[in-house]
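Biologist: I am new to this one. Can you put it on screen and talk me through it?

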Amino acid sequence: MKPIVAQVLGRSRFAEEALASAVGRGINQYVIVGAGLDSYALRSADPTGRLRIFEVDHPDTQRAKRQRLGSLGIALPAQLEFVAIDFELQELSEAMKGSSHRRDTPAFYSWLGTTHYLTPQATLATLHSIARCAAPGSEMVLDYSVPLDLIDPDKLRDLLWVERLARRMGEPIIGNLDPARLHADVAQLGYEIVEDLAAPDQVRRYFSNRTDGLAPTPACRLLHLRLP
Ligand SMILES: C[S@@+](CC[C@H](N)C(=O)[O-])C[C@H]1O[C@@H](n2cnc3c(N)ncnc32)[C@H](O)[C@@H]1O
């Protein structure tokens with residue numbers, strides 16, 4: 001599981017570093033799409049206390065998370081708001097209408113660990129929805145899986161093992177996206193690409209000089225977008 005553990009660590013760090021610079025530029029809304037057990041709000045990583053945090057997720061996941069936090073006696077921070085959504089049935093822009101999110105003010109969005117399990121059409125539909133409801137200057141970080149034919153054949157054996165495991169767990173990886181095609185698609189939706197980090201770049205930035213061999217899976221890239 002080491003490549004998966006490293007990928008989870010790397011993607012959160014990439015997103016939270018980009019968020020920290022966005023907050024430094026005055027952004028004060030953080031929308032965590034498909035938040036799952038993301039702990040950013042609990043770690044109070046925003047030193048200014050001005051950042052409003054919106055966790056957007058399936059209501060069943062949110063219920064389970066809130067029950068678990070309650071049973072551990074962990075209080076929810078005042079700046080956190082839960083927004084329930086079923087991506088299969090609802091658009092993000094619609095779901096956000098029921099929250100205090102302001103469309104006229106830029107926001108930072110992260111969408112981690114989810115596009116792998118959605119069809120490319122569903123991923124682009126959500127990016128389209130965000131482009132429609134986010135103010136200019138908003139930013140977005142997401143991770144995605146590339147098609148297996150772009151992977152070094154030496155590394156394929158481990159990846160096929162992960163694919164089989166995901167399928168057995170009922171969450172098959174169906175969302176592989178070709179980087180060049182994705183870049184063209186998001187540009188059409190109005191996004192600028194700030195950065196798209198391939199696995200070797202992630203290793204250089206976050207995992208160099210380690211002695212434990214921890215390194216992310218070669219299948220995933222980290223994409224940072226901005227709406228001009
Ligand atoms: C693998 S978790 C990712 C959690 C976290 N963002 C991370 O980086 O680890 C995927 C998340 O997508 C959410 N999700 C999956 N299908 C969904 C749907 N149809 N509607 C809303 N959320 C969904 C799940 O509830 C889960 O929280």
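**Pockets and a central strand**

Modeller: Helices α1, α6 and α8 (199-206) each give at least two residues to the lining of the second largest pocket. Helices (H or I, at least four residues) and strands (E, at least two) are DSSP runs, numbered from the N terminus. This is a predicted model, where local features need pLDDT of at least 70, side-chain atom pairs count only at pLDDT 80 or more, and totals for chains, interfaces and linings use all residues. Residues are numbered from 1 along each chain as its sequence is written, and side-chain values use heavy atoms, with hydrogens and water left out.

Biologist: Which element has the largest share of the lining of that second largest pocket?

Modeller: α6, with four residues. The pocket is lined by 23 residues, and Ile-151, Lys-155, Ala-199, Thr-217 and Pro-218 lie nearest its centre. A pocket here is an open set of points on a 1 Å grid over the protein atoms alone, where a 1.4 Å probe fits, with protein on both sides within 12 Å along at least five of seven lines; lining residues have an atom within 4 Å of a point.

Biologist: How do the residues of that lining divide by class?

Modeller: Into 17 nonpolar, one polar and five charged. Ala, Val, Leu, Ile, Met, Phe, Trp, Tyr, Cys and Pro count as nonpolar, Asp, Glu, Lys and Arg as charged, and the others, Gly among them, as polar.

Biologist: And what lines the largest pocket?

Modeller: It is lined by 41 residues, with Arg-11, Gly-113, Thr-114, Tyr-117 and Glu-171 nearest the centre. Two or more lining residues come from each of α1 (2-24), β1 (29-33) and α6 (156-168). By class, that lining has 22 nonpolar, 12 polar and seven charged residues.

Biologist: Which way do its residues point?

Modeller: Glu-139, Val-141, Asp-143 and Ser-145 point one way from β5, and Met-140, Leu-142 and Tyr-144 the other way. In a regular strand, side chains alternate between the two faces of the sheet.

Biologist: Which strands pair with β5?

Modeller: Strand β4 (residues 108-111) pairs with β5 in the parallel sense over four bridges, with Ser-110 opposite Val-141. Strand β7 (residues 220-226) runs antiparallel to β5, joined by seven bridges, and there Met-140 stands opposite Leu-225. Pairing needs at least two DSSP bridges between the strands.

Conventions. Buried < 20%, exposed > 50% of the residue type's maximum accessible area, 1.4 Å probe, protein only.
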